[in-house]
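The entries below are in the order I made them.

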Amino acid sequence: GKTQRNVKKVEPMKKRSQLDELLVKHRAKLKEEGRQCPTCGKTFNYSGYLQAHQRIHSGEKPFGCQICHRRFAQSGNLQLHLRIHSNERKFQCEICSKLFRTSSNLHAHRKTHSEERNFPCTLCERAFRTAQELKNHSETHNVVKNYVCQLCDDHKAFQKQSYLNSHIKTVHIGVKRHSCQDCGKIFSNSSNLIAHRRVHSGDRPYNCKECDAKFTQSPALLRH
C-alpha cells in the first residue's frame with residue numbers, strides 16, 4: 001500500500017498569527033532599510049515607489065508638460081496628459097469603433113451600449129449606467145424646492161418663486177411670448193427659443209471631449 005505521510009495540521013488561528021508575525025518582521029526590515037514613509041509610516045518594497053509616494057505629502061511635481069506647463073507628480077500621469085495634445089487615441093470600442101485616450105474612458109463608454117443600470121439612486125427608484133450619471137442625478141435631490149404649484153396634481157415644486165411663476169404661465173395658462181424670427185415658431189421661454197435657433201444657425205456648442213461629435217443641446221451630449 002501507499003506510505004502515508006504525517007502532515008502536520010496548522011490551526012487557522014495559529015496560521016493567521018504566524019502570518020501577522022511575518023508581516024511585522026517584513027515591515028520592520030523595510031523600516032531599517034529606509035523604505036518607510038516618515039510622514040505616514042507606509043512601507044514600500046522599492047525605494048522608487050517610496051520616492052513617488054512622498055510627493056503626495058510634499059506636493060512636489062517634477063514632471064512638467066512642455067506644451068501647457070501643467071505639472072505632475074508621476075511620469076505616467078504626464079504621459080496620459082500628453083495624449084490630450086497629440087489627440088492620440090489607442091483604445092477602441094469593439095462595438096461602435098469609437099476611439100478613446102485611456103482604458104478607463106473606454107470602460108465607461110462601453111456601459112452606454114448596455115442596458116444594465118448598476119448605479120441606483122438611494123433617494124428615488126431610478127438607476128443609472130455609470131457613476132457619473134448617478135452623480136449628476138443626485139445633485140437634483142440636493143436642491144431645496146420650497147415653491148409648490150397648487151395647480152399640479154403631483155404638487156410640483158421649484159427652487160425659486162420666479163420658476164414657479166414661469167411654470168404657471170407656460171403650463172397652466174399657456175402663455176408663449178418668445179418667437180423665432182426665422183420661422184415664426186413661438187416658445188414659452190427664451191432658453192427654448194435659443195436652443196431652437198441652433199436649428200437654423202447650425203451652431204453646435206456642446207462638444208464631446210472623447211470624439212469629434214457636437215450637439216445643439218446638452219441633454220443630447222449626455223445621452224451620447
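This is a predicted model: local features need pLDDT of at least 70, side-chain atom pairs count only at pLDDT 80 or more; totals for chains, interfaces and linings use all residues.

**Entry 1**

**Entry 1: the largest pocket**

I looked up the volume of the largest pocket and found about 980 Å³. I then asked which residues lie nearest its centre. They are Thr130, Gln132, Glu133, Leu221 and Leu222, out of 29 residues that line the pocket.

Next I sorted the lining by element. Helix 4 (103–110), helix 5 (131–138) and helix 8 (218–223) are the elements that give two or more residues to it. Helix 5 gives the most, with five residues. By domain, I found that at least three lining residues come from each of domain 2 (90–142) and domain 3 (190–223).

**Entry 2: salt bridge**

How many salt bridges does a search of the whole structure find? The search returned one. It pairs the side chains of Arg110 and Glu94, with 3.3 Å from N to O. Arg110 belongs to helix 4 and Glu94 to the loop between strand 3 (91–92) and strand 4 (99–100), so the pair ties together parts that are 16 residues apart in sequence.

I checked accessibility for both partners. Arg110 has a relative accessibility of 34% and so counts as partly exposed. Glu94 has a relative accessible area of 54%, which puts Glu94 in the exposed class because the cut-off is over 50%.

**Entry 3: Thr102**

I looked at Thr102, which sits in the loop between strand 4 and helix 4. Is Thr102 buried or exposed? Its relative accessibility is 16%, so Thr102 counts as buried, the limit being under 20%.

I found two polar contacts from the Thr102 side chain. One joins Thr102 to the side chain of Ser104 at 3.1 Å. Another joins Thr102 to the side chain of Asn105 at 3.2 Å.

**Entry 4: positive phi**

Most residues other than glycine have a negative phi.

Ser97 is not a glycine, yet has a positive phi of about 70 degrees. I located Ser97 in the loop between strand 3 and strand 4. Its relative accessible area is 44%, so Ser97 is partly exposed.

His155 is also not a glycine, and its phi is positive at about 50 degrees. I placed His155 in the loop between strand 7 (147–148) and strand 8 (157–158). With a relative accessible area of 43%, His155 is partly exposed.

I picked Leu82, in helix 3 (residues 75–86). Its relative accessibility of 29% makes Leu82 partly exposed. I took the C-alpha to C-alpha distance from Leu82 to Gln66 and got 9.4 Å, for a separation of 16 residues in sequence.

I then turned to Ser75, which is in helix 3. Ser75 has a relative accessible area of 38% and is therefore partly exposed.

Conventions. Residues are numbered from 1 along each chain as its sequence is written. Side-chain values use heavy atoms; hydrogens and water are left out. On a 1 Å grid over the protein atoms alone, a cavity is a set of points where a 1.4 Å probe fits but cannot get out, and a pocket is an open set with protein on both sides within 12 Å along at least five of seven lines; lining residues have an atom within 4 Å of a point. Grid points are joined across faces, edges and corners, and a volume is the space filled by probe spheres set on the points. Helices (H or I, at least four residues) and strands (E, at least two) are DSSP runs, numbered from the N terminus. Domain bounds come from an automatic or database domain assignment. Buried means under 20% relative accessible area, exposed over 50%, partly exposed in between (1.4 Å probe, protein chains only). A salt bridge is a side-chain nitrogen of Lys or Arg within 4 Å of a carboxyl oxygen of Asp or Glu. A polar contact is a pair of N or O atoms within 3.5 Å; within protein, one must be able to donate a hydrogen and the other to accept it, and residues adjacent in sequence count only if both atoms are side-chain atoms.
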